[in-house]
Amino acid sequence: MTIQTTLGSTPLNRRNFLVGTAAATGGFSLAFSFPYAPAMAAEVQEINAWVVIKPDDTVVIRIARSEMGQGTLTGLAQMVVEELECDWKKVTTEYPTPGENVKRGRVWKNFSTGGSRGIRESNQYVREGGAAARLMLVAAAAAEWNVPVAECTAANSVVTHSSGKTLTYGHLASAAAKLEPPKEIPLKDPKDWKLIGKPIHRLDTMDKLTGKQMYGIDVKLPGMLTATVKACPVNGGKLKSFDAAKVEKMPGVKKVVSIDGNAVVVVADTYWNARTALAALPIEWDVGKSGSVQQSDVTAMLKDGLGATEAYIGNKVGDAAGAIAGAAKKVEATYAYPWQNHAPMEPLNAAALYTPDKLEVWCGTQNGEAALAAAAEAAELPVAKCDVYKMMLGGGFGRRGRADYVRQAVLVAKQMPGVPIKLIWSREEDMQHGSYHPTTMCKLTGGLDKDGNLVGLHMRISGQSILASLAPQSLQNGMDPATFQGMLPSGPEGTYSYNVPNLLIDHAMRNPHLTAGFWRGVNLNQNTVYMESFMDELAEAAGKDPLEFRMKLMKPKNAAALKAACDRAGYGKPLPEGHFHGIAQVMGFGSYVAGVAEVSVSKDGVLKIHKITAATDPGYAVNPWLIERQVAGSFVYGLSAALYGEITVKDGVVEQTNFDSYNVMRMDEMPEVDTVVAASGGFWGGVGEPTIAVAAASVLNGIYKATGKRVRELPLMNNELKKGA
Amino acid sequence: MPVLNINGQSVDAKADPRTPLLWVLRDTLGMTGTKYGCGIAQCGACTVHIDGVPTRSCQVPLNSVGGRKITTIEGIADGDKLNKIQQAWLELDVPQCGYCQSGMIMAATALLAAKPNPTDADIDAAMTNICRCGTYKQIREAIHAAAKA
Ligand code: FES
Ligand code: FES
């Protein structure tokens, strides 16, 4: 591993790297590993779509999903290598391009990286890819030796005959590549796994320590110009006019263009010059009807839905209204959850090179195929003439699943054919033009019998639908099933955790003008806050401990996860003076998760989150080392939102502009995190997202125990926790 | 044209004197290891050392750094040998997306130079950079590990 320290050669090498790789491999891939020898394409042997083996025994595993920090690159490679039986030390990875996927009949299937689906959705076919390649390597060895296949075994990149003679994968690759792929591809019994389930190191750490890792924002192409954008401050508004002459003579400025009738872009030699000119550019907007929307209007809209007679039904058992009406005790509470921004650390960006005959795009994206489709549409070129080279993402969290920034880059590049354009959003643009975590309110009503048993429960969600914002064609007769995440009676994503004899969970859709999007954890976040806060409220009304109250209602695997977290945290045992435990659990993204938060609140109302103990049951745990990091990391994201995350509007414009007005958690607020990976086997659940949902919910329940104050509106910073206040 | 001293080399930097050092590094000199995250001194992704002091380069105009010793993420290893912080980062797999990590490593390297055995409170005070992936737990562990190494 060489580390480049000489300053002068850095830009040149990178330029060569980018241009060279794309050209020499027919635009096939941009690898993570750097530098990446372009000549490699001629020597490699592709055994099948997933596995390439070079003569020196190096194995390249193709990964269709995008790495954005979650570790999918390592996890998916583990799955392939488990069956391939190659030496893990010789493994590297690369991305096939979305264009190549189209050309080869979607041989790599889905590129979409979201919903914690990487492993749970593709585990079967990537393992088959590895197994098929191994069978072909073994067959090639048997053929070379002229012995029966049954006398050969494969391990550690070597095929061994029963006589003791051996051949390496590197030697066999070229013959194996010529064989027919096997029809039957048996997979290992989970008990025989050697790599799946092991806490092994990531494959992509080194370059992130030396500044060498290339992200989209670092792309450099010969003759490239840098652009930056300002869209109408009010979502849905239009561009009226701008006075390009005022900035055209400023340093470095090359062009000022409008795109989509709603945004202005300055193209310059450097980002700083583009940004400086954009700030000086006189622009007039037609803000449209949303220009008068205030935050109070949004609140009123959501409140209206709480009592509306019409609502989509997500889950219904028995007669909730009747049971509640006849109950000995009725409990009711209303909660609210704000818009939140993703704010991935790397601001959005994409580079595009357009000619009337070809379009190439370099960007970090959570969905290469969607980026390709958006790019082709913007370029008005057939998909076959376009391709997208995926770069490492400086965070995604759902934001980079939407291709708005890719479209913008292409629209600019189209106005400057032959010139590579890198479009970079400012952080301010990112804050004000997000695909925000949807805002909702929720009213929960429960009925208890005289013994404190829950006999009826109604959960009314009011507010924004993500599908209505991003994919209205996917609504089901107007309903957005994703709104009910974690609350549905069945489905692969998860089932509602509790057995309630009379239950109604419904949604009155109310869509304010900001765009909603998938935000790490998605609707599980607010639904868990609502349901788990209310479970504690019900338990108190029933005079029971929150754990005991839940256990009576819970389905077995949910109960097991909650018990695992409570046992590890010592729930019910004495805590340090002034410390309290709050609990929460849910099922989402195919996994069972639970958390126990240990919190204290000082006399002055200062909250300290000391520790969160989390349990997750994803069925099979592919890499516990990375799962622990996902859980702890997701808590930072979730707690940042719970403590500070709030996007508000004034005159239709988002009021937050940067991390000074949209605060996030820093190191000093980070609680201790203890993760129990309680994998029970037999299914594949996600790990990047589900556990995030229990962070806020368990903390809120802990705060109530510490203060007697029930926080029902997030973020926490708007609540006074001081006793007596 | 200002002459800068970066990672022990003299470099000409042709840019408007008011340009922030961050963009001089990235766009003028092609040194993209130093990252843009906010541009307003909030996130620390752009942290470099100026005369050994960790500094948010998005707030430092080019005309203020002539003749001062600038060190970036590209210059903190000793040739192929990672520094103690980088090594601990590697062993604990600290980075997730990695985008904040140049700044984190620069801040942590400066912390360790000033306080070879930092307490948790020292770490809290020195490490105020933002990580959206949430690697704070591993960063704390890695700083302690590097201090012991
Ligand atoms: S970019 Fe300089 S502190 Fe964020
Ligand atoms: S590792 Fe992604 S922002 Fe820190």
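Reply: At 40% relative accessibility, Asp260(A) counts as partly exposed, because that value falls between the 20% and 50% cut-offs. Bear in mind that this is a predicted model. Asp260(A) sits in the loop that runs from β10 (253-259) to β11 (263-268) of chain A. The backbone is what makes this residue worth a look: phi is positive, about 55°, although Asp260(A) is not a glycine.

Phe397(A) is another case of that kind, with phi near 60° in a residue other than glycine. This one belongs to the loop between β17 (386-390) and α11 (404-414) of chain A. Buried or exposed, then, for Phe397(A)? Its relative accessibility is 10%, which is under the 20% limit, so Phe397(A) counts as buried.

While we're on backbone geometry, have a look at the peptide bond between Leu714(A) and Pro715(A): it is cis, with omega at about 0°. To find Pro715(A), go to the segment that follows α18 (692-707) of chain A.

Now for a loop with some side-chain detail, the one between α13 (466-470) and β21 (503-509) of chain A, where Asn502(A) is placed. With a relative accessible area of 18%, Asn502(A) is under the 20% limit and therefore counts as buried. What does Asn502(A) touch, once residues up to four places away in sequence are set aside? The list includes Val317(A), Gly318(A), Asp319(A), Ala320(A) and Ala323(A), and then Val455(A), Gly456(A) and Leu457(A).

As for Met587(A), it is 94 residues from Glu493(A) along the chain, yet their C-alpha atoms are separated by 7.9 Å.

Zooming out to the whole of chain A, you have 18 helices and 27 strands. The C-alpha trace spans about 80 × 80 × 50 Å along its principal axes. Chain A has a radius of gyration of 27 Å, and a compact globule of 725 residues would have one near 27 Å, so the two agree. Of those 725 residues, 64% count as buried.

Chain B has five helices and five strands, and from the N terminus the order of its elements is β-β-α-β-β-β-α-α-α-α. Its radius of gyration is 15 Å, close to the 15 Å the globule rule gives for 149 residues, so chain B is as compact as a globular protein of that length. Its C-alpha trace spans about 45 × 30 × 25 Å along the principal axes, and 61% of its residues are buried. In chain B, residues 24 or more positions apart account for 56% of the contacts with a separation of 6 or more.

Finally, where the chains meet, 65 residues of chain A are in contact with 57 residues of chain B. The area buried between them is about 5,200 Å², and carbon and sulfur atoms give 59% of that. Two salt bridges turn up across this interface; Asp218(A) forms a salt bridge with Arg26(B), with the closest N and O atoms 2.9 Å apart. There are also 28 residue pairs in polar contact across the interface. On the side of chain A that touches chain B, at least two residues each come from α1 (9-24), α7 (271-280), α12 (427-432) and α17 (624-643). Of the elements there, α17(A) gives the most, with eight residues. Sorted by class, that side of chain A has 30 nonpolar, 21 polar and 14 charged residues.

Definitions and conventions. Residues numbered from 1 in each chain as written. Chains lettered and ligands numbered in written order. Predicted model: local features only at pLDDT ≥ 70, side-chain atom pairs only at ≥ 80, totals over all residues. Heavy atoms only, no water. Contact = heavy atoms within 4.5 Å. Buried area = accessible area lost by both parts, 1.4 Å probe. Salt bridge = Lys/Arg side-chain N within 4 Å of Asp/Glu carboxyl O. Polar contact = N/O pair within 3.5 Å; in protein donor to acceptor, adjacent residues only side chain to side chain. Helix = DSSP H or I, 4+ residues; strand = E, 2+ residues; numbered from the N terminus. Nonpolar A, V, L, I, M, F, W, Y, C, P; charged D, E, K, R; others polar. Rg over C-alpha atoms; globule rule 2.2 N^0.38 Å. Buried < 20%, exposed > 50% of the residue type's maximum accessible area, 1.4 Å probe, protein only.
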